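Visitor: I have a model open and would like to learn how to read it. Please take me through it step by step.

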Amino acid sequence: MTIDLVDVNITSPGRNFVTLKITTSDGIVGWGDATLNGRELAVASYLSDHLASMLVGRDEDRIEDTWQYLYRGAYWRRGPVTMAAIAAVDMALWDIKAKKAGMPLYQLLGGASRDGVRVYAHASGTDYAALANAITGYEELGFTAVRVQTGVPGLGQIYGVSSAGPGVRYDYEPAKRAADGGAAERPHEENWDTRTYLSHMPGVFARIREDFGTGLRILHDGHHRMSPIEAARFAKDVEPYDLFWLEDCTPGEDQAALRLVRQHSTTPLAIGEIFNSVYDYQTLITERLIDYVRSAVTHTGGITAMKKLLDFAAVYGIRSGIHGPTDISPVGMAAALHLDLAIHNFGIQEYMPHNAETLEVFRTSFTFDRGFLHPGDQPGLGVELDEEAAAGHAYTKAYLPVNRLLDGTVHDW
Ligand code: EZ4
Ligand code: CO
């Protein structure tokens with residue numbers, strides 16, 4: 001059979017999502033996530049203006065060949081827009097193949113290597129009391145791992161910290177619409193000061209260990225804001241608190257920066273949510289500079305590319321930590337969960353649950369049980385977009401913030 005129809009769906013049930021729908025000549029539908037936070041329409045155009053006509057008439061079973069055709073055929077290599085578009089096609093074709101086989105995708109990837117996928121939640125609070133309250137809430141839900149982010153004195157709203165106050169767990173969304181809920185014409189701005197952060201944060205981890213004991217897996221995201229030597233100092237300072245990982249401690253472009261961090265510390269390192277290709281990891285993996293691969297299936301060329309990347313990492317004893325924020329749609333999340341269940345070198349999966357509106361638009365079959373997710377046993381990825389429900393949520397421009405140092409200099413956010 002062949003690919004008959006290629007449609008791009010843009011919807012905004014509280015936040016924007018771009019979803020690819022591929023329909024075969026015998027009526028099988030596959031879904032792919034193409035959401036690139038803050039740059040959504042560029043990927044939608046790449047798909048509908050450039051790839052759609054190339055895909056119509058192709059054999060939907062030739063997934064590897066289609067991947068190479070789109071990747072090498074573009075001549076221009078890599079980049080988040082291109083790789084998100086290719087990822088969406090790849091996911092949709094795997095969804096179709098697994099539906100044709102009558103199996104959940106993880107079966108085609110080799111079957112389950114574990115009973116469930118350990119996930120970590122985002123705990124945050126503007127101060128320690130609010131953060132501790134959030135951690136307690138997650139422990140009560142059965143989570144065994146939490147990412148902790150907290151306010152830094154004097155800085156106001158910063159990355160990763162919910163401003164909604166204690167007790168509210170699932171509300172953190174960094175891409176902001178305008179204050180009235182309409183389209184944002186430009187990003188809002190936040191302030192940053194690394195010195196204050198470096199002196200504040202180790203004490204927070206110390207209190208968490210005191211209050212929550214040694215069993216809890218504690219993760220933390222540096223969000224690319226430290227210089228190599230600052231990150232080395234931080235990773236060394238927090239060693240006594242036994243972090244599960246320190247994520248994105250240095251800017252993403254500079255693979256060699258992590259050599260310096262490694263020289264100084266045994267804190268496990270994770271990086272890669274802004275990467276889009278195995279080549280972004282070549283130095284990191286072959287020199288064993290990281291412990292976890294943070295790519296999103298949605299931004300790194302889909303299931304085909306992600307499986308190769310994780311197999312490459314496995315040779316060096318490096319494990320997965322697939323990106324799973326709310327800006328990855330439930331389709332992209334399902335793709336991650338099938339991989340997580342199947343691969344041997346699984347580490348942990350990020351899990352920021354989508355809001356109720358999103359889950360009315362995307363019908364999911366994955367299940368959560370005491371800190372573990374399972375992708376479910378529906379044929380394919382197990383997620384279907386309800387196009388009628390999606391049509392009720394018009395695209396609304398929203399942007400991730402821009403960060404500035406206290407003197408006004410633009411900094412990594
Ligand atoms: O800031 O997905 O680890 N998770 C993260 C995310 C990213 C957003 C950006 O779109 O760093 O919250
Ligand atoms: Co991150």
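**Reading the model**

Guide: The chain's domain assignment gives domain 1 (3–105) and domain 2 (108–377); such bounds come from an automatic or database domain assignment. This is a predicted model: local features need pLDDT of at least 70, side-chain atom pairs count only at pLDDT 80 or more, and totals for chains, interfaces and linings use all residues. Residues are numbered from 1 along each chain as its sequence is written, chains are lettered from A and ligands numbered from 1 in the order in which they are written, and side-chain values use heavy atoms, with hydrogens and water left out.

Visitor: How many residues of domain 1 are in contact with domain 2?

Guide: Contact means heavy atoms within 4.5 Å. Here 35 residues of domain 1 are in contact with 35 residues of domain 2. The C-alpha centres of the two domains lie 26 Å apart.

Visitor: What area do domain 1 and domain 2 bury between them?

Guide: The size of an interface is often given as the accessible area lost when the parts come together. Buried area is that loss (1.4 Å probe), summed over both parts. Domain 1 and domain 2 bury about 2800 Å², 61% of it on carbon and sulfur atoms.

Visitor: Which residues are the protein donors of the cobalt ion (ligand 2)?

Guide: Donors are N, O and S atoms within 2.8 Å of the metal (3.2 Å for Na, K and Ca); water is not among the atoms, so sites may look incomplete. The protein donors of this cobalt ion are Asp221 (OD), Glu247 (OE) and Glu273 (OE), 2.0 to 2.1 Å from it. Their sequence spacing is D-x25-E-x25-E. Asp221 lies in strand S7 (residues 217–221), and Glu273 in the loop between strand S9 (269–271) and helix H9 (282–286), 52 residues apart. Helices (H or I, at least four residues) and strands (E, at least two) are DSSP runs, numbered from the N terminus.

Visitor: Are Asp221 and Glu273 buried or exposed?

Guide: Buried means under 20% relative accessible area, exposed over 50%, partly exposed in between (1.4 Å probe, protein chains only). Asp221 is buried because its relative accessibility is 0%. Glu273 has a relative accessible area of 10%, so Glu273 is buried.

Visitor: In what order do strands S6, S17 and S18 form a sheet?

Guide: Strands of a sheet pair through backbone hydrogen bonds, either parallel or antiparallel. Two strands pair if DSSP finds at least two bridges between them. These three form an open sheet, S6-S17-S18, with mixed pairing. S6 and strand S17 (residues 402–405) run parallel, joined by four bridges. Glu189 stands opposite Val402 in S17.

Methods:
Buried area = accessible area lost by both parts, 1.4 Å probe.
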